[in-house]
Amino acid sequence: MKNIVTLLAVLFACQITTAQDYKFGKVSKEELEETFNPLDSSASATYLFKYRKTFYEYDRDKGFQLITEVHERIKIYNQEGFDYATKAINLYKSGSHQEIARGLKAYTYNLVGGKIEDTKLKKEGIFKTEKSKYRNETKFTMPNIKEGSVVEYEYKIISPFYQNVDEFRFQHAIPIKKLEAEFQAPEYYNFKVNMKGFLKITPKIENKRDKITFSSKSRTGQSGAVRTSFNSSDLEFTKKVSTYNLENIPALKDEPYVNNINNYRSSVKYELSYVKMPQSTIEYYSTTWEDVVKTIYKSSSFGDELDKSGYYEDDIDALIGSVSDPKKRIALIFNFVKSKVKWNEYYGYRTADGVRKAYREQVGNVAEINLMLTSMLRYAGLEANPVLVSTRRNGIPIFPTREGYDYVISCVELPTGNVLLDATNKYGSPNVLPFRTLNWEGRIIKKDGSSSLISLYPNENSKNSILMMASLSEEGDLEGNFRSVKTNHKALSYRERYNNTDEDDFLEKLENNYDGLEVSDFKVSNAVELSKPVMESYKFFKESQADIIGDKIYFSPLFFLRSKENPFKLEKREFPVDFGYPSSSTYRITIKLPEGYKVESIPEASAYALPDNLGIFKYMLSQNQSTIQLLIDTKINTSIISPLYYDTLKAYFKQLIEKENEQIVLTKV
């Protein structure tokens, strides 16, 4: 019976999709009455209709401009879907050129007393802000939102950046019932089409004729007999029209340990290859990674800045004059730049104001800091080169585009191996890059302009060693001493959290993280001494860490440190598991038993291993009359695990969590 009801719901949904009118304002009663998506009942909202058309329009004064028209209709099922009632439109700018949003029209629809009621978005619900020197934002929040509302809006973006076509995204965190998209390009613009994701997307491609009409006026004759003539001429051309029509697109659901879900989102990117205007020579754009690198390296805001050295030479001479060891030179220069120039939190591989100004004013963007660092290392006689990086937020640079990279770091080649450096983070150290940069591979650029790929992931494990000595009372309360020692990326992450916040706030978060843990005598060692592991220690007290039933006490020997939930929940995962860096954790816990109790049963020792030495979990318990010792050792030996191992990894974590939650049973003597 349940299957029949589901089938009928799906058929009914298909009928609505087929019959629905998607013209703006034609929201139906059936759409408002729908309480869930028949194909994904877990969805908090659904795109009922998603439309985008991007095309070129000729302006007599400005030439070709890129126009994008957007129309979206969204059904909101519950409060979790209220986020979809807010829309942010990113508008890019460069110098005096900027994108403009026009023609915004938006309504919220509700069913009131069996009738459709619409509420118009007013000007006070629209907010325009300058997000950075490169981006403006127009943001609006729809009015009168309720569970069951439908929101609908349309707008147009006019862009002078004709070469930059935003990615067409065909998959989102919520399902899409109906999607239409269109891209038109005149014959003068030749594009490469790059597709990604797991949906099968095939556009309908047509060639259509179009024309541009040029108008002019002229005056002839002399005073008293002036005649004005109006002339016009047409320039005919062919445009390629690519049309996409998709229905019932499933949601792309995020899960822990994904570097950037956009890497796996089904989408199409149009990348400009060359421009050939009438009576003009061909203007080529990036078509291969070699072209991309050559263009970047020859840029005045990259290669030229890398060659400048006069502004720092005296300071570097004084710094390393008596030091000949290459590693010591690296450390001295690296620490000098970190302390000298503060990062302004702007990304990019191009300098904005130049390395000289950044050095003088002691603040700069990523490129200014790390190109400066690279130049100084070269001046010190080291084989140093810049490395282009695509950060996690930017995604993996699958296709050769200049937008594929948004960051630059430095690499020193030594006989013992490469040393990767990023001086934007004051808590970073050689080969311990900020987490944002740990994204597959970077592209190292040599002095001759050639390039090659280099792994950004570390080879050395980041360690977290925990020592805990605790006493369990017969009431089930726990008190004791806790100490942890962290290295590499685990130390970097801890220092960022600890040093960038007030200690009282840090302690409050710590106590809340362990659900009401009471902490005293808190101490952190080596918070800024980067050559040493960071150490945290404190005394603690926590109530109700055991269940008391009759004359027996039940508890997990990991207490509040145990894992409670498997992070991997999807039945099937088509993208890799990205841990960011290899890591190991060791727990050494000594538990003093309450007087008058003895061990009745204790979990058995166990060990679980992932295939191909990807990871291991070891669990060992020992006991004497009054204490129990627990040793747990876990390792994930690689930064990325292929989706081919997903089922095995999911089962591994299930076993691990079950083992951590197994209980020791005490009974009265």
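The following questions and answers concern a predicted model of one protein chain.

Reader: What does the secondary structure of the protein chain come to?

Author: The chain has 11 helices and 37 strands. Its C-alpha trace spans about 120 × 85 × 45 Å along the principal axes.

Reader: How many of the residues count as buried?

Author: Of the 669 residues, 48% are buried. The chain exposes about 34300 Å², and carbon and sulfur atoms supply 47% of that area.

Reader: Why is Thr391 called buried?

Author: The cut-off for buried is under 20% relative accessible area. Thr391 has 0%, so Thr391 is buried. Thr391 is placed in the loop between β19 (384-389) and β20 (407-414).

Reader: Which residues does Thr391 touch, not counting residues up to four places away in sequence?

Author: Thr391 touches Tyr347, Asp406, Tyr407, Arg436 and Asn439. To count as a contact, heavy atoms must lie within 4.5 Å.

Reader: Lys146 is also in a loop. What makes Lys146 partly exposed?

Author: Partly exposed covers what lies between buried, under 20%, and exposed, over 50%. Lys146 has 38% relative accessibility, so Lys146 falls in between and counts as partly exposed.

Reader: What is Lys146 in contact with, leaving aside its neighbours within four places in sequence?

Author: Lys146 is in contact with Ile76, Phe82 and Asn110. As for Leu382, this residue is 236 residues from Lys146 in sequence and 63 Å from Lys146 in space, C-alpha to C-alpha.

Reader: How do you know whether Met372 is buried or exposed?

Author: Met372 has a relative accessible area of 1%. The limit for buried is under 20%, so Met372 is buried. Met372 belongs to helix α8 (residues 366-379).

Reader: What does Met372 touch, not counting residues up to four places away in sequence?

Author: Met372 touches Tyr311, Val341, Val355, Ala358, Tyr359 and Ala367. Between Met372 and Ser410 there are 9.5 Å in space, C-alpha to C-alpha, and the two are 38 residues apart in sequence.

Reader: Why does Glu31 count as buried?

Author: Glu31 has 5% relative accessibility, and buried means under 20%, so Glu31 counts as buried. Glu31 sits in helix α2 (residues 29-33). Leaving aside neighbours within four places in sequence, Glu31 is in contact with Gln20, Lys26, Leu48, Arg73, Lys75 and Val150.

Reader: Which residues of helix α10 are buried?

Author: In α10 (residues 503-513), the buried residues are Phe506, Leu507 and Leu510.

Reader: How do you know that they are on the same side of α10?

Author: They cover an arc of only 95 degrees around the axis, and therefore they lie on the same side of α10. Asp504, Lys509 and Asn512, on the other side of α10, are exposed.

Reader: What covers the buried residues of α10?

Author: The cover includes α9 (488-499), β26 (518-525) and β27 (534-542).

Reader: What is found at the start of α10?

Author: There a side-chain oxygen of Asp502 comes to within 3.0 Å of the backbone nitrogen of Asp504. The limit for a polar contact is 3.5 Å, so this pair is inside the limit. After α10 comes Asp515, with a positive phi near 55 degrees.

Reader: What is the phi of Asn248, and what is that of Gln362?

Author: Phi of Asn248 is near 50 degrees, a positive value in a residue other than glycine. For Gln362, also a residue other than glycine, phi is positive and near 65 degrees. Asn248 is in strand β14 (residues 227-249), while Gln362 is in the loop between α7 (355-361) and β18 (363-364).

Reader: What makes Gln362 partly exposed?

Author: Gln362 has a relative accessible area of 41%, which is between 20% and 50%, so Gln362 is partly exposed. Asn248, at 33%, is partly exposed by that rule as well.

Note on methods. Residues numbered from 1 in each chain as written. Predicted model: local features only at pLDDT ≥ 70, side-chain atom pairs only at ≥ 80, totals over all residues. Heavy atoms only, no water. Helix = DSSP H or I, 4+ residues; strand = E, 2+ residues; numbered from the N terminus. Buried < 20%, exposed > 50% of the residue type's maximum accessible area, 1.4 Å probe, protein only. Areas by Shrake-Rupley, 256 points an atom, 1.4 Å probe, with all protein chains shown as cover. Arc of directions from axis to C-beta. Polar contact = N/O pair within 3.5 Å; in protein donor to acceptor, adjacent residues only side chain to side chain.
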